[in-house]
Amino acid sequence: MLKLEVVTPERRVVDVETEMVTVPTATGEAGILDKHAPLISALKPGVLSYAVKGQTEKEKLAISTGFVEVSDNQVSVLPDLAEFPDESNADQAKA
C-alpha cells in the first residue's frame, strides 16, 4: 500500500492509503505502485488519480504546477492548487 498526501499552501487535500497513483509530471504521466523507486519531479497541470482499496472507481483531483516526491511507499504531492471535480471553479481554472 502507498500513503498518498496532497498538500497545497492552503490545506491538506488528500491523506489516504492507496493502491496506485497516477500523476502528471513535467516529463509525462507517471504511474506509481507499491515499492516504486524514489522519485522527485515537477508537476504539470492535469489530473491526478488514485485507487482506494475496495473501491472500483478511481478518485480524481485537478492539480496545478508543483512537485511530487516518492520515497518509502509514500507519495507526497505538493501542487499550488488542487480541487476535486465538485469543488472546481471554471473561471479560476481558466486563469
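Good morning, colleagues. Please bear in mind throughout that this is a predicted model.

I begin with threonine 8. Threonine 8 sits in the loop that links strand E1, residues 2–7, to strand E2, residues 12–18. Is threonine 8 buried or exposed? Its relative accessibility is 8%, and because buried means under 20%, threonine 8 counts as buried. Beyond its neighbours within four places in sequence, threonine 8 is in contact with Val13, Pro79, Asp80, Leu81 and Ala82. Glycine 66 is 58 residues away from threonine 8 along the chain, yet their C-alpha atoms are separated by 9.1 Å.

I turn next to threonine 25. Threonine 25 belongs to strand E3, which covers residues 20–25. With a relative accessible area of 3%, threonine 25 is buried as well. If residues up to four places away in sequence are set aside, threonine 25 touches Ala30, Ser41, Ala42, Leu43, Lys44 and Val68.

Let me now move to the core. Which members of the largest nonpolar core touch the most other members? Among its 21 residues, they are Leu4, Val6, Leu48, Leu61 and Val75. At least two residues of this core come from each of E1, E2, E3, strand E4 (28–33), strand E6 (46–51), strand E7 (59–63), strand E8 (66–71) and strand E9 (74–79). E1 supplies the largest share, three residues.

I close with leucine 4. Not counting residues up to four places away in sequence, leucine 4 touches Val14, Asp15, Val16, Thr18, Val21, Leu48, Tyr50, Val75 and Val77. Thank you for your attention.

Note on methods: Residues are numbered from 1 along each chain as its sequence is written. This is a predicted model: local features need pLDDT of at least 70, side-chain atom pairs count only at pLDDT 80 or more; totals for chains, interfaces and linings use all residues. Side-chain values use heavy atoms; hydrogens and water are left out. Helices (H or I, at least four residues) and strands (E, at least two) are DSSP runs, numbered from the N terminus. Buried means under 20% relative accessible area, exposed over 50%, partly exposed in between (1.4 Å probe, protein chains only). Contact means heavy atoms within 4.5 Å. A nonpolar core is a set of buried Ala, Val, Leu, Ile, Met, Phe, Trp, Tyr and Cys residues joined through side-chain atoms within 4.5 Å.
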